[in-house]
Amino acid sequence: MRLQRDEWLSQVMRREVYRAVLPPGPPGNVQPLTADALVTVAGGKDAFFYAKLPADNIGISLRLQEAGFYTVEGSLIFERPVKPALRAVKTAVAVRQAASSDKEQVLDIAGRCFTRTRFYMDPNIPHEVAAEIKRQWAANYFSGARGERIYSAHLSGRCVGFLAALGGADKDGRKVRCIDLVGVDPDFQGKGAGRELVRQYIADAIGRYDLLRLGTQLCNVPAARLYLATGFKIADSQWVLHAHVRSGKVVR
Ligand SMILES: CC(C)(COP(=O)(O)OP(=O)(O)OC[C@H]1O[C@@H](n2cnc3c(N)ncnc32)[C@H](O)[C@@H]1OP(=O)(O)O)[C@@H](O)C(=O)NCCC(=O)NCCS
């Protein structure tokens with residue numbers, strides 16, 4: 001496996017971050033990483049490593065566990081053709097493209113709502129760091145550093161949720177629009193904001209994209225049900241593994 005430095009996460013997590021990437025070709029030929037290799041790459045500093053593996057590749061997952069990686073998340077990938085549009089339902093939630101005046105509320109929600117993601121679930125990552133990763137991720141949409149568009153959902157004059165959309169990927173000649181982040185303020189969940197955000201995201205994709213795609217955690221039943229209820233189907237699955245090197249050792 002190849003280690004690829006993750007510049008953005010290294011900066012947000014204030015340690016060296018690397019993604020372990022499977023080379024193309026048959027999985028049986030993959031040279032897995034060892035604990036010694038992780039310590040060497042860390043070079044005396046604290047370092048964090050992650051890998052996203054096809055869920056049916058148990059062999060490589062076991063070898064990474066021998067090197068000190070552990071599974072933090074099962075991911076489900078959902079896909080949906082752009083059409084049909086989602087039926088509008090009567091709702092008090094209004095969704096629009098987020099304005100810069102929504103930024104602070106969106107970042108506040110991003111820092112509080114993603115409690116089922118891999119950064120939050122990993123006992124070796126403090127919750128403050130997990131929150132900061134999502135805050136800065138959402139902030140990139142306001143600075144123009146990432147993504148295609150960010151939507152905000154409003155209820156009684158207050159911003160209660162957001163959806164960040166990534167565009168431009170290509171799958172088998174089809175133009176793909178991804179949901180990068182979607183989150184609703186925990187105090188306002190279950191009131192239709194998530195559905196209305198997804199409805200607007202689908203409506204805006206018509207004529208511009210062919211395929212819609214996103215990933216969520218196996219343990220994130222509310223999100224999986226939202227996607228199933230809005231016409232998405234499961235398309236793929238992955239294991240996500242983490243490893244940490246601290247003071248020259250792989251720690252668990
Ligand atoms: C997933 C999330 C965005 C849903 O937003 P929401 O505003 O609460 O959802 P809605 O009220 O629009 O509900 C839409 C559908 O989602 C599903 N759903 C929402 N909350 C649910 C829950 N607690 N349990 C089961 N299903 C749920 C249902 O299918 C629901 O439709 P129904 O009410 O007709 O059954 C919200 O729970 C959230 O922000 N979670 C934390 C952040 C997160 O994990 N985001 C996804 C990361 S991939």
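This is a predicted model: local features need pLDDT of at least 70, side-chain atom pairs count only at pLDDT 80 or more; totals for chains, interfaces and linings use all residues.
The protein chain is assigned two domains. Domain 1 comprises residues 2-76 together with 239-251, and domain 2 covers 79-235. The C-alpha centres of domain 1 and domain 2 are 27 Å apart. Across the boundary, 11 residues of domain 1 are in contact with 14 residues of domain 2. On the domain 1 side, at least two residues each come from α1 (7-13), β4 (70-81) and β10 (233-246). Strand β4 gives the most to this side, with 5 residues. The side of domain 1 that touches domain 2 has 6 nonpolar, 4 polar and 1 charged residues.

Two helices were examined as a pair. Packed helices of this kind are described by the angle between their axes and the distance between the axes. Helix α4 (residues 103-113) packs against helix α6 (residues 127-143) at an angle of about 150°, and their axes are 7 Å apart. Angles over 145 degrees count as roughly antiparallel, so α4 is roughly antiparallel to α6. The crossing of α4 and α6 is right-handed. From α4, the contact draws on Lys103, Val106, Leu107, Ala110 and Gly111. These meet Ala131, Lys134, Arg135, Trp137, Ala138, Ala139 and Phe142 of α6. By class, the residues of the contact of α4 with α6 are 8 nonpolar, 1 polar and 3 charged.

Two backbone features remain. Most residues other than glycine have a negative phi, and most peptide bonds are trans. The bond joining lysine 83 and proline 84 is a cis peptide bond, with omega at about 5°. Proline 84 is placed in the loop between β4 and β5 (94-97). Aspartate 172 has a positive phi, near 50°, and is a residue other than glycine. The place of aspartate 172 is the loop between β7 (158-171) and β8.

Methods: Residues are numbered from 1 along each chain as its sequence is written. Axes are lines fitted to C-alpha atoms, for helices over the stretch in contact, and angles run from 0 to 180 degrees between N-to-C directions. Helices (H or I, at least four residues) and strands (E, at least two) are DSSP runs, numbered from the N terminus. Angles under 35 degrees count as roughly parallel, over 145 as roughly antiparallel, 65 to 115 as roughly perpendicular and the rest as oblique. A crossing is left-handed if the near helix is turned anticlockwise from the far one by less than a right angle, and right-handed if clockwise. Two residues are in contact if their C-beta atoms, placed from the backbone, lie within 7 Å. Ala, Val, Leu, Ile, Met, Phe, Trp, Tyr, Cys and Pro count as nonpolar, Asp, Glu, Lys and Arg as charged, and the others, Gly among them, as polar. Domain bounds come from an automatic or database domain assignment.
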